[in-house]
Structure formats: C-alpha cells, structure tokens
Amino acid sequence: MATLKTVTNQLLDELARTGQLTSQAATYINQSIKHYQNKTFWFNEKTIEFSTTASGEYINLTSDFANEYGLNIRINTNNYPLNRKTMQEMDELYISAGNYTGYPQDYAIFNRQVRLGPVPNGGYPLIMHYKRRAEQLSATSATNVMIENADDLVIARAGKLMCGLVLQDTQRAQIFSVAEQEALRSHESDTTQYQMTGYTKRRR
C-alpha cells in the first residue's frame, strides 16, 4: 500500500536526493494531491448506503465527501431517485409544512450534511453516488485514494515542482512535466473506459 513515506522516498530516489529534502518532498506531494483532488477519476467515485431515521431531517456525510452525483431512496425493494434542491427551495417547500413527515422526495447538501424533505417517517436505506476527496497527508504511514491509485501522477507533479522551485533545475522539471502529462492522460483514459463500461478497475 502506498503511503506518504513510500511516495516521498520514491520521489527523492528519482531526484537522487535520498535522505534529503524529506519535509519539502512531503509538502509538494500534498500540494500535488490538492491540485488533482477535485478532478474526477474512476478511483475517486464511490457508492455508499446509509439509512434515514424517524424525524431525522439531517444526516452527516462521510468525511471524504466532495460532491454527490445522485441520491436514491429504497422503499420496500424499489429504488427511487430523490430530487436535488437548494436550501432555499427546501425552506420554501418544507418549513411551512410544520411537523409533516413521510417518504423523503427531495434533498439538499449543506454544511457537509444531507437535508431530507419531507422529514422521514421511518428508517429507509439511502444510496448515494459521490466523489471522494483525497485527504491531505501528515503521518508518514497515512494514505489516501489519490496515492493508492495515482502515485505516478502525484510523484511526477511533485518532482516538477521541486525541480522548478527548490532545485532550480528547469531541464529536469520539464522531464517531470512530461511524465505528469503522460500519467494524467493514462488515468483520464482509464476513467473514460470504466465510466462507459461500469467496470471498476482493480489496483495492480
């Protein structure tokens, strides 16, 4: 499993700086993760299932939530899509409804919570398709979805930044830049393929 330590060591090996500039390398690895964390790749898409509770209007989202693609509710054995609304629309639709409860039909995302309307009258499974956010890494043993699946992309970008900003080596920065673009094209190609087929690639 890739960790902050393993990708840092690999980056420093490629820079021929083993045992040197460790903190700088970790900083640029995190900057590279942040640069790509909002981009959609096949590996940062996920489906989770959680449940409503009676009278539970708000549900906390998972810590790696970035944005959702859709939210379904399962009633009996059938799945139904909920309608995405703004918080203002939810206020207009449901504040005047008082204590009315029922099967949720609408939802909004606000402050890392899902708001449901009508307020649920019981427990129902919810199925959310969402994009995961790659957490920033601090502990050397830490990992995230980006370095687990696209360490080549992260290392190439971090190498480009270190060569350009720390080592002042523009020639090597260009080499890393080419590697970054090649890795990006490869992951974008995989993403297009797996989104079209619905196939989830296994980590090699």
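Predicted model: local features only at pLDDT ≥ 70, side-chain atom pairs only at ≥ 80, totals over all residues.
In which hand does α1 pass α5?

Residues are numbered from 1 along each chain as its sequence is written, and side-chain values use heavy atoms, with hydrogens and water left out.

**Stop 1: α1 and α5**

Select residues 4-14, helix α1, and residues 151-165, helix α5. Helices (H or I, at least four residues) and strands (E, at least two) are DSSP runs, numbered from the N terminus. The axes of α1 and α5 come within 10 Å and cross at roughly 50 degrees. Axes are lines fitted to C-alpha atoms, for helices over the stretch in contact, and angles run from 0 to 180 degrees between N-to-C directions. The two helices are therefore oblique to each other; angles under 35 degrees count as roughly parallel, over 145 as roughly antiparallel, 65 to 115 as roughly perpendicular and the rest as oblique. α1 passes α5 in a right-handed crossing. That term applies if the near helix is turned clockwise from the far one by less than a right angle, and left-handed applies if anticlockwise.

Now show the side chains. Val7, Gln10, Leu11 and Glu14 of α1 make the contact with Asp151, Ile155, Ala158, Gly159 and Met162 of α5. Contact means heavy atoms within 4.5 Å.

**Stop 2**

**Stop 3: the cores**

Select Leu11, Ile29, Ile33 and Met146, which touch the most other members of the largest nonpolar core, a set of 34 residues. A nonpolar core is a set of buried Ala, Val, Leu, Ile, Met, Phe, Trp, Tyr and Cys residues joined through side-chain atoms within 4.5 Å. Buried means under 20% relative accessible area, exposed over 50%, and partly exposed in between (1.4 Å probe, protein chains only). The elements giving two or more residues to this core are α1, α2, α4 (145-149), α5 and α6 (170-197). The largest share, 7 residues, comes from α5.

Ile59, Leu61, Tyr107 and Met128 belong to a second, separate core of 17 residues.

**Stop 4**

Asn30 is in helix α2 and is buried, at 11% relative accessible area. Apart from neighbours within four places in sequence, Asn30 contacts Gln136 and Leu137.

Move to Arg132 in strand β10, residues 125-132. Arg132 is partly exposed, at 21% relative accessibility. Draw a C-alpha to C-alpha distance from Arg132 to Val145: the two are 8.0 Å apart in space and 13 residues apart in sequence.

**Stop 4: backbone exceptions**

Most residues other than glycine have a negative phi, and most peptide bonds are trans. Select Gly117 and Pro118: the peptide bond between them is cis, with omega near -10 degrees. Pro118 lies in the loop between β8 (113-117) and β9 (119-120).

Then select Ala16, in the loop between α1 and α2. Its phi is positive, near 55 degrees, and Ala16 is exposed, at 62% relative accessibility.

End at Arg112, in the loop between β7 (106-110) and β8. Phi of Arg112 is also positive, near 60 degrees.
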